[in-house]
Every structure is written in structure tokens, then in C-alpha cells.
Amino acid sequence: MRNLVPTYVIQNTYATNSLRDMLGFAVTATTINKVIDAVSESSLYEAHEERPGAATILGAARILVSLKPEDWSSVDIEPYMGEISLNWRNGRDKRVKAIVPKGGLHFATYHEARQNGRVVDHSLRQGVNQDYLAERLDWMHAPL
Amino acid sequence: MCDEENNLVGDLIADETVIYRACSKSTFLNKSKDTVQDVAFYKQGQNHKDGLSLALSSGDSVRHLGTNYGVIRIRVGDIHALGLGLEVRADLADPSHVLLRNLPCMDRTDDEKQRALMVSSELASLAEIESASPVPKPVDN
């Protein structure tokens with residue numbers, strides 16, 4: 001799976017014409033490696049469970065590179081049945097999940113708020129974009 | 001709800017009973033292994049046709065798994081008290097096995113998946129870690 005990064009970078013290197021572009025590709029490559037590392041261990045899967053494919057990994061990386069550095073670094077990446085979930089928590093009170101389905105072209109978000117140990121607000125929204133996810137993460141970081 | 005099969009589903013289990021679920025993958029616990037994650041209660045309709053599998057003892061929960069990464073536990077009364085329509089019932093085919101019924105599925109409609117994410121989160125917050133390391137299978141005499 002690690003072969004994904006050199007191929008991705010090489011295919012895009014011809015377009016690199018500035019330091020900003022080069023840094024952008026470096027961040028992308030680092031992010032792809034972060035996702036690959038997070039979904040590689042066999043202990044993450046049940047026997048015969050489907051693993052995320054290259055397109056799903058790239059889809060997850062595409063989301064992560066668009067986020068603020070603190071959200072990039074605090075993400076908990078989790079594979080599930082061929083999908084990849086990107087998870088964030090603010091203590092026990094709020095959490096946000098971006099669900100990247102097989103193919104990685106579109107994604108969904110799930111957000112949840114708790115009070116007194118019970119879920120008081122939750123919503124799954126399909127076909128969202130990075131701006132909506134960033135808005136949900138801002139909501140999560142804000143106090144209840 | 002995606003419990004398609006009702007054969008061999010028995011009576012409700014008493015509220016004071018503690019039931020156990022094997023960690024069939026490491027993601028059932030968080031990375032520091034001190035919290036149960038909601039994925040421990042995700043149900044796939046195609047795999048769990050009669051309900052989510054739990055057991056009446058830690059050993060019985062791992063009996064049918066090749067590998068496990070620990071065991072979690074939860075009190076039946078806490079599940080029933082959620083008021084979400086969940087039921088813990090006996091499995092008439094195996095006295096050590098119980099079924100968590102009426103759990104929404106992750107692999108059907110978006111509405112059901114949204115509910116599945118919420119319900120699994122509620123269950124994970126009630127569950128406790130029995131063992132954060134692999135539990136040996138019981139030796140049958």
C-alpha cells in the first residue's frame with residue numbers, strides 16, 4: 001500500500017512550479033502516509049473484513065489536507081468495512097466523524113452532542129464538503 | 001431494525017445480568033485501551049441476522065473467535081433502561097449466548113445508519129472493559 005505515495009507524487013510532480021506547490025505535495029504525501037499507516041494493521045480488521053482501497057485512502061487524505069493543522073493532527077483514523085472514518089472528540093461532550101465510503105469521491109459527516117451522559121443532538125449528513133466539515137469541527141471545539 | 005430471523009430467540013435476560021462481548025478487532029477499544037468505542041456495537045444486517053452476539057461469561061464470548069483483543073462487559077438493565085427499544089434475549093440454541101435485539105444496522109438506509117451511530121455511542125458509554133488484552137479460550141472438558 002505504501003507504493004501509493006510515490007505514484008501519486010510522481011504523477012503530479014510535473015505540475016510543480018513553485019515552493020508552495022512543492023510544500024503542498026509534501027503535505028499531501030505525508031497525509032497519505034498517515035492514512036495508510038492508520039489502516040494497515042491486521043488487528044484493525046475482523047477475519048474476511050474488507051479493507052479500504054486506494055481511492056478511499058486518497059479520499060480520506062484529500063479531506064485531511066483541507067483542515068486546520070490542529071484538526072489534522074488530532075484526528076483518529078479508523079477503517080470499517082471498506083470505509084474510513086475520521087474521528088474527532090471534544091472530551092465526552094461532542095464528537096464529529098467524517099465517513100469516507102468505498103471509492104472516496106463523496107463523504108458524510110456525523111456529529112453528536114451529549115449532556116448528562118446521554119446523546120441530546122445527533123445528525124448524519126451525506127454528500128457534504130470540506131467547508132461543512134470545517135464548520136462542524138468549529139462547532140465541536142466551541143463549549144456547549 | 002434489521003433482525004430478520006426470530007428462530008430460537010428466547011426470553012428477555014434479567015436486568016441484573018452482566019453480559020460480555022469479545023473484541024474481535026482492536027478498534028473496539030481506543031488506542032490507550034481505557035475506553036470502549038462505538039464500533040464495538042456496530043451491527044451489519046448481513047452478518048447479524050438474529051441480533052448482535054454477546055455471552056454470559058468472558059470466556060464464552062471468545063469461544064468462537066480465532067483471535068480476540070480483549071473483552072468488554074455491560075449490564076442488561078442499563079441497556080433496557082436506555083429506552084431505545086433494545087432487548088437482550090436468550091439464544092435457545094446456545095445457553096451461554098445472548099442476542100442484543102432491535103439494534104439498528106450500519107449497512108441499510110441513511111436514517112437507520114444515523115440511528116445506529118447514536119445507539120452504538122450510547123451503548124459504548126455504558127460498557128466497561130473486562131480485559132484489554134486477549135482472553136484465552138475456555139478449555140472444554
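**Exercise 1. Where in chain B is B:Asn102 found? Give its backbone feature too.**

Solution. This is a predicted model, in which local features need pLDDT of at least 70, side-chain atom pairs count only at pLDDT 80 or more, and totals for chains, interfaces and linings use all residues. Residues are numbered from 1 along each chain as its sequence is written, chains are lettered from A in the order in which they are written, and side-chain values use heavy atoms, with hydrogens and water left out.

Step 1. B:Asn102 is in the loop between strand E6 (97–101) and H3 of chain B. Helices (H or I, at least four residues) and strands (E, at least two) are DSSP runs, numbered from the N terminus.
Step 2. Phi of B:Asn102 is near 70°, a positive value in a residue other than glycine.
Step 3. In chain A, A:Met81 is not a glycine either, and has a positive phi of about 50°. A:Met81 sits in the loop between E1 and E2 of chain A.

**Exercise 2. Describe the interface of chain A and chain B.**

Solution. 
Step 1. Count residues. Chain A gives 26 residues to the contact and chain B gives 24. Contact means heavy atoms within 4.5 Å.
Step 2. Take the area. The two chains bury about 2200 Å² between them, 43% of it on carbon and sulfur atoms. Buried area is the accessible area (1.4 Å probe) that two parts lose on being put together, summed over both.
Step 3. Find the main contributors. A:Tyr80, A:Arg118 and A:Leu124 supply 25% of the area that chain A buries against chain B, more than any other three residues.
Step 4. Count the polar links. There are 6 salt bridges between chain A and chain B. Each puts a side-chain nitrogen of Lys or Arg within 4 Å of a carboxyl oxygen of Asp or Glu. One of them joins A:Glu83 and B:Lys113 (3.2 Å, N to O).
Step 5. Assign elements. Strands E1 (76–80), E2 (83–90), E3 (94–100), E4 (107–115) and E5 (118–128) of chain A each give two or more residues to the side that touches chain B. E5(A) gives the most, with 6 residues.
Step 6. Sort by class. This side of chain A has 9 nonpolar, 6 polar and 11 charged residues. Ala, Val, Leu, Ile, Met, Phe, Trp, Tyr, Cys and Pro count as nonpolar, Asp, Glu, Lys and Arg as charged, and the others, Gly among them, as polar.
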